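Thanks for asking me to look at this one. Below are my notes, kept as numbered points so that you can follow them with the model open beside you.

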Amino acid sequence: MLWIILGIVVIIGLVWVSTYNRLIKLRNWVKEAFSQIDVQLQRRNDLIPNLVNTVKGYATHESDTLESVTKARQQLINLPANATPEQINAASNQLSGALSRLLAVAEQYPDLKANTNFLQLQSTLEELEKQIATARQLFNSSATQYNTAIQSFPTNLIAGIHNFEPSNLLETPEEDRKVPEVQF
């Protein structure tokens, strides 16, 4: 009888440890996925001064647009080290909007559009934006798997005892969800 009780305790212990380790792995995947977003955002931040300087040479009277890009970049850089993914995502979305306006302004300058340096910077920026979007998708996928695990029975019992908190998903800002108006 003692061996049976001891066997049950060992099995429960093994299941507990296995479940706990799985939760740790999932939580670390969420952190890793977010760090990939951070890496891509840093690459974009490093590219922006070159892009702004290239446009500045051609579009000197577009200072408001250039300033908004610089300001949005600075806000993203100045976020505290403990900023949440949501805060970083919001600042990144502001920068993406400012960059879109900058690229739209650049369309008004044929000489700028023909500049190989600008074209290369624009191409690199577009590629980085795709990589950021992919990294955000990976983060949301990892966060969903983690959240599902900590909310599912019986894993939720272990997650609750060890204070595993759900991860928030990165969402599109409300103003970006609106269908754009197209007029001919």
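1. H2 and H3 pass each other in a left-handed crossing; a crossing is left-handed if the near helix is turned anticlockwise from the far one by less than a right angle, and right-handed if clockwise. Helix H2 covers residues 63–77 and helix H3 residues 85–106, and the two pack at an angle of about 160° with their axes 9 Å apart. That makes H2 roughly antiparallel to H3. For the cut-offs, angles under 35 degrees count as roughly parallel, over 145 as roughly antiparallel, 65 to 115 as roughly perpendicular and the rest as oblique. The axes are lines fitted to C-alpha atoms, for helices over the stretch in contact, and angles run from 0 to 180 degrees between N-to-C directions.

2. Which residues meet between H2 and H3? On the H2 side they include Leu66, Val69, Ala72 and Leu76, and on the H3 side they include Ile88, Leu95, Leu102 and Val105. Arg73 of H2 and Arg101 of H3 are also among them. Contact here means heavy atoms within 4.5 Å. By class, the residues of the contact of H2 with H3 divide into eleven nonpolar, five polar and two charged. Ala, Val, Leu, Ile, Met, Phe, Trp, Tyr, Cys and Pro count as nonpolar, Asp, Glu, Lys and Arg as charged, and the others, Gly among them, as polar.

3. A word on the basis of these notes. This is a predicted model, in which local features need pLDDT of at least 70 and side-chain atom pairs count only at pLDDT 80 or more, while totals for chains, interfaces and linings use all residues. Residues are numbered from 1 along each chain as its sequence is written, and side-chain values use heavy atoms, with hydrogens and water left out.

4. Now the overall picture: the protein chain has seven helices and zero strands. Helices (H or I, at least four residues) and strands (E, at least two) are DSSP runs, numbered from the N terminus. The radius of gyration of the protein chain is 23 Å, well over the 16 Å that the globule rule gives for 184 residues, so the chain is more spread out than a compact globule. That radius is taken over C-alpha atoms, and the globule rule is 2.2 Å times the number of residues to the power 0.38. Along its principal axes, the C-alpha trace spans about 90 × 35 × 25 Å.

5. How much of the protein chain is buried? Buried residues make up 35% of the 184 residues, where buried means under 20% relative accessible area, exposed over 50%, and partly exposed in between (1.4 Å probe, protein chains only). Of the contacts with a separation of 6 or more, 75% come from residues 24 or more positions apart.

6. Helix H1 (residues 2–58) and helix H5 (residues 116–151) pack at an angle of about 165°, with their axes 8 Å apart. H1 and H5 are therefore roughly antiparallel to each other, and their crossing is left-handed. The residues of this contact divide into 23 nonpolar, ten polar and six charged.

7. At 8% relative accessibility, leucine 121 counts as buried. Leaving aside its neighbours within four places in sequence, leucine 121 is in contact with Leu47, Asn50, Leu51 and Thr54. In H1 you will find threonine 19, which counts as buried at 15% relative accessibility. Threonine 19 touches Thr155 and Ile158, not counting residues up to four places away in sequence.

8. H3 also packs on H5: their axes come within 12 Å and cross at roughly 150°. H3 and H5 are therefore roughly antiparallel to each other, and this crossing is left-handed. Among the residues making the contact are Leu99 and Leu103 of H3 and Phe118, Leu125 and Phe139 of H5. By class, the contact has seven nonpolar, five polar and two charged residues.

9. Two backbone details deserve a check by eye. Most residues other than glycine have a negative phi, and most peptide bonds are trans. The peptide bond from phenylalanine 153 to proline 154 is cis, with omega near 0°, and proline 154 sits in the loop between H5 and helix H6 (155–161). Asparagine 163 has a positive phi, near 55°. Asparagine 163 is in the loop between H6 and helix H7 (174–177) and is exposed, with a relative accessible area of 56%.
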